[in-house]
Amino acid sequence: MRLLPWDYLLKPFNTHLFHDIYTVTWVATVVLLIALVLLYNARTRALHRHAPYLDLWEWLLWTGISLFGLLLVAAVFNFYLIVLLVILVTGLGVMLWVRFIRFPPQFEAYEQKLAKQRYFTRSKFAHPEATIRPKGAKAARAGGSRPNAQRGRSSRSRRRR
């Protein structure tokens, strides 16, 4: 290190000036991008019935793709270090905002909705005879007795005679 730390902010991020962190940066970016895609696939399969959680993972996926894609582009094309740091701080800030500020109120509302559904379902079937049909219900639902079924013939076969 021959320059002051803030002097490096306006130097291109390449392997000659930043040989100790250049390779680590782009390899970690590729690994984190692959991990994010795999994690997204696993979590969306597990939570396919819960829309707020799917929305969260959608936001995290696209924010991560943008963040890691821009970091790769900045590393490959030797952008200034300050540009790389701005991309990194902004992307991580958006991911933290999505996870800890935007979606928690939606999760609370969704949990309350699920709790109400569980309560009403439980109270509906709490009475022991709630699932037993009254005796007259079967005959009323079937439409009464069937005169054509007495001898096993249908009305069509009687017409042919």
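Predicted model: local features only at pLDDT ≥ 70, side-chain atom pairs only at ≥ 80, totals over all residues.
Colleague: Let me step back to the whole protein. How many helices and strands does the protein have?

Modeller: Six helices and zero strands. Reading from the N terminus, you get α-α-α-α-α-α.

Colleague: What share of the residues in the protein is buried?

Modeller: Of the 161 residues, 20% are buried. The protein exposes about 12600 Å², with carbon and sulfur atoms supplying 63% of that. Take the contacts with a separation of 6 or more: residues 24 or more positions apart make up 62% of them.

Colleague: On to the helices. How do you know that the span of helix H3 agrees with its 22 residues?

Modeller: Helix H3 covers residues 81-102. The rule is 1.5 Å times one less than the number of residues, so H3 should span 32 Å. The end C-alpha atoms of H3 are 30 Å apart, and that agrees.

Colleague: What about H2, how far does it reach?

Modeller: H2 reaches 37 Å from its first C-alpha to its last. With 26 residues, the expected value is 38 Å, and the reach is close to that. After H2 comes Asn78, which has a positive phi near 55°.

Colleague: Which residues of H3 are buried?

Modeller: Those are Leu81, Leu84, Ile87, Gly91, Met95 and Val98. Part of their cover comes from helix H2. H2 has buried residues of its own, including Leu56, Leu60, Leu67, Phe68 and Thr63.

Colleague: What makes Thr63 buried?

Modeller: Thr63 sits in helix H2, and its relative accessibility is 13%. The limit for buried is under 20%, so Thr63 qualifies. Leaving out residues up to four places away in sequence, Thr63 touches Gly91, Val94 and Met95. The side chain of Thr63 also reaches the backbone oxygen of Trp59 at 2.7 Å.

Colleague: Now the rings. How many aromatic pairs are there?

Modeller: The count comes to eight aromatic pairs. One of them is formed by Tyr53 and Phe107, with 4.4 Å centre to centre and 10° between the planes. Centres within 6.5 Å make a pair, and planes under 30 degrees apart count as stacked, so Tyr53 and Phe107 are a stacked pair. That pair links distant parts of the chain, with Tyr53 in helix H2 and Phe107 in helix H4, 54 residues apart.

Colleague: How do you know that Phe107 is buried?

Modeller: Phe107 has 9% relative accessibility.

Colleague: Why is the aromatic pair of Trp59 and Phe103 called edge-to-face?

Modeller: The planes of Trp59 and Phe103 are 75° apart, and the centres are 6.2 Å apart. The centres fall within 6.5 Å and the angle is over 60 degrees, so the pair is edge-to-face. This pair also links distant parts of the chain, with Trp59 in helix H2 and Phe103 in the loop between H3 and H4, 44 residues apart.

Colleague: Which residues do ring pairs link into a cluster?

Modeller: Tyr53, Trp59, Trp97, Phe103, Phe107 and Tyr110.

Colleague: What makes you say that Arg102 lies over the face of Phe103?

Modeller: Arg102 is 5.3 Å from the ring centre of Phe103. The distance limit is within 6 Å, and there is a limit on the angle to the ring normal too.

Colleague: One last residue. Why does Asn14 count as buried?

Modeller: Asn14 is in the segment before helix H1, with 14% relative accessibility. Under 20% is the requirement, so Asn14 counts as buried. Beyond its neighbours within four places in sequence, Asn14 contacts His19, Tyr22 and Asn78. A polar atom of the Asn14 side chain also lies 3.2 Å from the backbone nitrogen of His16.

Methods: Residues numbered from 1 in each chain as written. Heavy atoms only, no water. Helix = DSSP H or I, 4+ residues; strand = E, 2+ residues; numbered from the N terminus. Buried < 20%, exposed > 50% of the residue type's maximum accessible area, 1.4 Å probe, protein only. Contact = heavy atoms within 4.5 Å. Phe/Tyr/Trp six-rings, centres within 6.5 Å; stacked < 30°, edge-to-face > 60°. Lys NZ or Arg CZ within 6 Å of the ring centre and 35° of its normal. Areas by Shrake-Rupley, 256 points an atom, 1.4 Å probe, with all protein chains shown as cover. Polar contact = N/O pair within 3.5 Å; in protein donor to acceptor, adjacent residues only side chain to side chain.
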